[in-house]
Amino acid sequence: MLAFEDTNSTTPPPKVRVFDTSALSPQAAAESAIADKASVVLGPITAEETRAASEKLLLAGIPEISFTSDTREEKQNLWVSGLTARQQVSRLVSALKAEGKTDVAAFLPMNDFGKSFGEALSELCQENNLPAPQIVYHDGSAEQIAQNLQLLAKTQERHEAFEKAKETSDQALLAPPPFQALLLADTGVNLRNIIHYLPDSDIQPSNVQIMGPALWRAFDAKLAEIQGAWYAALDDRNRAEYVKKYEAKYHQTPLMITDIAYDLASVSKELQAGDALSAKTLQRPNGFQGIDGNFSFKENGRMERDLVLYQILPSGGAKIVDSNPTTNPVPTDNSERLP
């Protein structure tokens, strides 16, 4: 693994064993890790494999850091390291509060991904003493997207009120939608349809703050129609040296999951060098400075990340408009940093 081979570090690499869950069952891989007296297990990738492996690992007192983003697997000594809906929504809600926007709605796909964003938004609005969000789901059909957007925005009621107001005033105005911000989680064709039908529902980026998932980072050059929209994602401004190393070794560009794997391997390398790799030392208050920003392990199995806020530009693409951390302070030069 690249992190263990990093020649810029004076920290000796720890003993590493790889157990392939495509060749072994997750339970068998866990049993092998237990027999090998592992200090920590990194992986597996999926929520299902994580659930199967953790049953044995946690009973054996071995902490596990999975690569899944499914927060249903979070529990004491089992951390979910993938970028979660809660982490993203937390950053977005923080930015809304800073601008004094309190009325939030969500228009989401009726699948596990959409539901995770809906649940995160409900939880975070409650935790931040904001009104309960209006959440509407759709089945992905263009017809239901058009219909449910108008229901969410109360388009018909607003137009009826506008027409009635015009009878007594020549200065009547169409009321804005009943929310100041709208959270989306779609990509691909569904997102294209949503963007197409937003004007029909009188939802404009000029009067509603559109927000979306970190997945938009991969194609934000195509999102000029919703200029001003936000999404929260990892800070990729400091990846250049890591990307260069990765491409030199593997001859391909690293994905986000490889960034996470590198960071977690670096954490285990650093802590194990001092014979201090344990669930307790993983939870140090200042967390760790990774390739894409600061992250920390919490006692309840939750992982927190300092995400930055991106805004879609008029010509497409995005810029960082707020990089202030929202969880832990980034370590200073004399604090704990990864090698």
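## Briefing: salt bridges, strands and helices

At 4% relative accessibility, Ser54 counts as buried. That value, like the rest here, comes from a predicted model. Ser54 is part of helix α2, which covers residues 47-59. Elsewhere, a search of the whole structure turns up 17 salt bridges, and Arg239 has a hand in two of them, with Asp259 and with Asp292. Strand β12 pairs with β8 and also with β13.

**Around Ser54**

- Leaving aside residues up to four places away in sequence, Ser54 touches Leu59, Glu64 and Leu78.
- Why does Ser54 count as buried? Its relative accessibility is 4%, and the cut-off for buried is under 20%.

**Salt bridges at Arg239**

- Asp259 and Arg239 bring their side chains together in a salt bridge, at 2.7 Å from N to O.
- That pair ties together distant parts of the chain, 20 residues apart: Asp259 sits in helix α9 (residues 256-273), while Arg239 sits in the loop between β8 (230-233) and α8 (240-250).
- Both Asp259 and Arg239 are buried.
- Asp292 also meets Arg239 in a salt bridge, with an N to O distance of 3.6 Å.
- Here too the pair links distant parts of the chain, this time 53 residues apart, with Asp292 in the loop between β9 (288-290) and β10 (293-297) and Arg239 in the loop between β8 and α8.
- Are Asp292 and Arg239 buried or exposed? Asp292 is buried, with a relative accessible area of 6%, and Arg239 counts as buried at 16%.

**Other salt bridges**

- Arg86, Glu123 and Glu127 belong to one network, joined by salt bridges that share partners.
- Arg72 and Asp70 pair up through their side chains in a salt bridge of 2.8 Å, N to O.

**Strand β12 and its partners**

- β12 takes in residues 308-312 and is mostly covered, with four of its five residues buried.
- On one side of the pairing list is β8, which runs antiparallel to β12 and is joined to it by four bridges.
- In that pairing, Ala233 stands opposite Val308 of β12.
- How many bridges join β12 to β13? Four do, and these strands run antiparallel, with β13 spanning residues 318-322.
- Leu309 has Asp322 in β13 as its bridge partner.
- β12 and β13 make a hairpin with five residues between them, and Gly316 in the turn has a positive phi of about 95°.

**Helix α9**

- α9 has 18 residues and reaches 26 Å from its first C-alpha to its last, close to the 26 Å expected at 1.5 Å a residue.
- Because 13 of its 18 residues are buried, α9 is largely enclosed by the rest of the structure.
- Asp259, the salt-bridge partner of Arg239, is in this helix.

- Which residues make the nonpolar surface patch of about 280 Å²? They are Ile45, Leu255 and Ile257.
- Leu255 lies in the loop between α8 and α9.
- Leu255 counts as exposed because its relative accessibility is 58%, and the cut-off for exposed is over 50%.

Conventions
Residues are numbered from 1 along each chain as its sequence is written. This is a predicted model: local features need pLDDT of at least 70, side-chain atom pairs count only at pLDDT 80 or more; totals for chains, interfaces and linings use all residues. Side-chain values use heavy atoms; hydrogens and water are left out. A salt bridge is a side-chain nitrogen of Lys or Arg within 4 Å of a carboxyl oxygen of Asp or Glu. Helices (H or I, at least four residues) and strands (E, at least two) are DSSP runs, numbered from the N terminus. Buried means under 20% relative accessible area, exposed over 50%, partly exposed in between (1.4 Å probe, protein chains only). Two strands pair if DSSP finds at least two bridges between them. Contact means heavy atoms within 4.5 Å. The expected span of a helix is 1.5 Å times one less than its number of residues. Patches are made of residues with over 30% relative accessible area and no salt bridge: like charges are joined within 9 Å, nonpolar side chains (Val, Leu, Ile, Met, Phe, Trp, Tyr) within 5 Å. Accessible areas come from the Shrake-Rupley method with a 1.4 Å probe; for residues, only the protein chains shown count as cover.
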